[in-house]
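Q: I would like to learn how to read a structural model feature by feature, beginning with the core and moving on to the backbone. Could we work through one together?

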Amino acid sequence: MNFKKSAALLLAGVLALSVTAGCKKKEEAKPDAAPKAAGDTVKIGFLGALTGDVAMFGAPTLVGMKMAAEEINAAGGVNGKKIEIVEADDRGDKQEGASVTQKLISRDNVVAIVGDPTTGITKVAAPIAQKAQVVLLSAGATGPGVVEIGDYIFRDTLLDSVAIPALLDYYAKNLKFKKVAMLTSDNNDYSVGMSQLFRDSAKGAGIEIVADEKIKDGDKDFSGQMTNIKAKKPDILFYSGYYTEGALLMKEARKQGIKVNIFGGDGLFSPEFIKLGGTAVEGAMSYVGFSPEQASPVTAKFIEAFKGKNNGALPGLFDAQGYDAVKLIASAMTAAKSNDPKVFKDAIAKIKNFEGVSGTITIRNNREPIKSPLCLLEVKGGKYVLKAKVPVKMD
């Protein structure tokens, strides 16, 4: 065989290998079919931030997921297979969230994804999971427009649409609040959606919105907004965004002599909120779907197990919701006698009165959860304490 002929054959072989490899990469990057559980494990992916500004939501979600998987596996797994949690860090970034979702489906072959804890990234990831026919169950997204994306999309959270009317009724009747000043981060899907729900609910509760101010995530100067609010003399401030801006808002409020407190949803619920805000956030309130205080027997058992695994630390909202998410998925797989998302998604849609550690959960006909009770937490002495457990109508 001469040199030219050998070189030609070698080049042809290299090109053939390159084309094959290129085709393979293309196929892996397109998650257009639901993966099947193989071997001795069934894979559930974690989608959330482990670094960055919203890691306080993502990291504990993963802790709860792993704890649930360990318990399920110790009891024999689900349908003869052990659960494997596949984790990735989306850094709280929408583009990275989309990339991680693609990889979990096409590279890791997960049958379900828990996450993202935020509404914005969930709404980016959900169409990808829906197209691939992989279940996505968010353990944190509370804003509107999530499950409407498709019949593979679920969540196990206390929805703002359920919580806000119950909370406003409590505020009006028990705390006698009548005038509220609102603040919305208008580049944050979670904040925009929650604020609109608040506006829709306030009138029916007899609460007047005396100011409706706008900010943006990342802003540092809120002097103008607080000057406007101060003139309106509200009974309380409502902020629908996350803890970083929430803490800075209260620092500016105190600087201007505004003495009323602030409240919001789980976006304000973070130790970082207290760390950043210091004494300015004393009296601040957050409504969430979990509190370790006044625990039910199921929750008390979870708390003790969690403390044993985490040097005595108490679990938080996202630990509990991540734990419940994996338990819900495993329960649906068991009921469906299948680890195929095309099959067990229908079992998730039929869940009624599931006694989770974060509350009793029912999935309604629209695939939205309804969950009770609502836990109203207050910052007192530099930590969150339970102010009230507000019942939610389970119909």
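A: What follows is a guided reading of this model, which is predicted.

Q: Which residues have the most contacts inside the largest nonpolar core, and how many residues does that core have?

A: A nonpolar core is read as a set of buried residues joined through side-chain atoms. Here the largest such core has 128 residues, and those with the most contacts inside it are Ile83, Phe273 and Leu374. The element that gives the most to this core is helix 11, spanning residues 317-336, with 11 residues. At least three residues of this core come from each of two domains, namely domain 1 (41-158 + 295-363) and domain 2 (161-288 + 377-390).

Q: Which residues does Leu374 touch, once residues up to four places away in sequence are not counted?

A: Contact is read from heavy atoms within 4.5 Å. With those sequence neighbours left out, Leu374 touches Leu158, Ala163, Ala166, Leu167, Tyr287 and Val288, and also Ala388, Lys389, Val390 and Val392.

Q: Is Ala132 buried or exposed?

A: The reading rests on relative accessible area, where buried means under 20%. Ala132, which is found in helix 4 (residues 119-132), counts as buried because its relative accessibility is 0%.

Q: Which residues other than glycine have a positive phi, and are they buried or exposed?

A: Asn109, although not a glycine, has a positive phi of about 60°, and its place is in the loop between helix 3 (94-106) and strand 3. Asn109 has a relative accessible area of 38%, so it is partly exposed. Gln294 also has a positive phi, near 50°, and lies in the loop between strand 10 (285-288) and helix 10 (297-309). Gln294 counts as exposed because its relative accessibility is 61%, the cut-off for exposed being over 50%.

Technical notes. Residues are numbered from 1 along each chain as its sequence is written. This is a predicted model: local features need pLDDT of at least 70, side-chain atom pairs count only at pLDDT 80 or more; totals for chains, interfaces and linings use all residues. Side-chain values use heavy atoms; hydrogens and water are left out. A nonpolar core is a set of buried Ala, Val, Leu, Ile, Met, Phe, Trp, Tyr and Cys residues joined through side-chain atoms within 4.5 Å. Buried means under 20% relative accessible area, exposed over 50%, partly exposed in between (1.4 Å probe, protein chains only). Helices (H or I, at least four residues) and strands (E, at least two) are DSSP runs, numbered from the N terminus. Domain bounds come from an automatic or database domain assignment.
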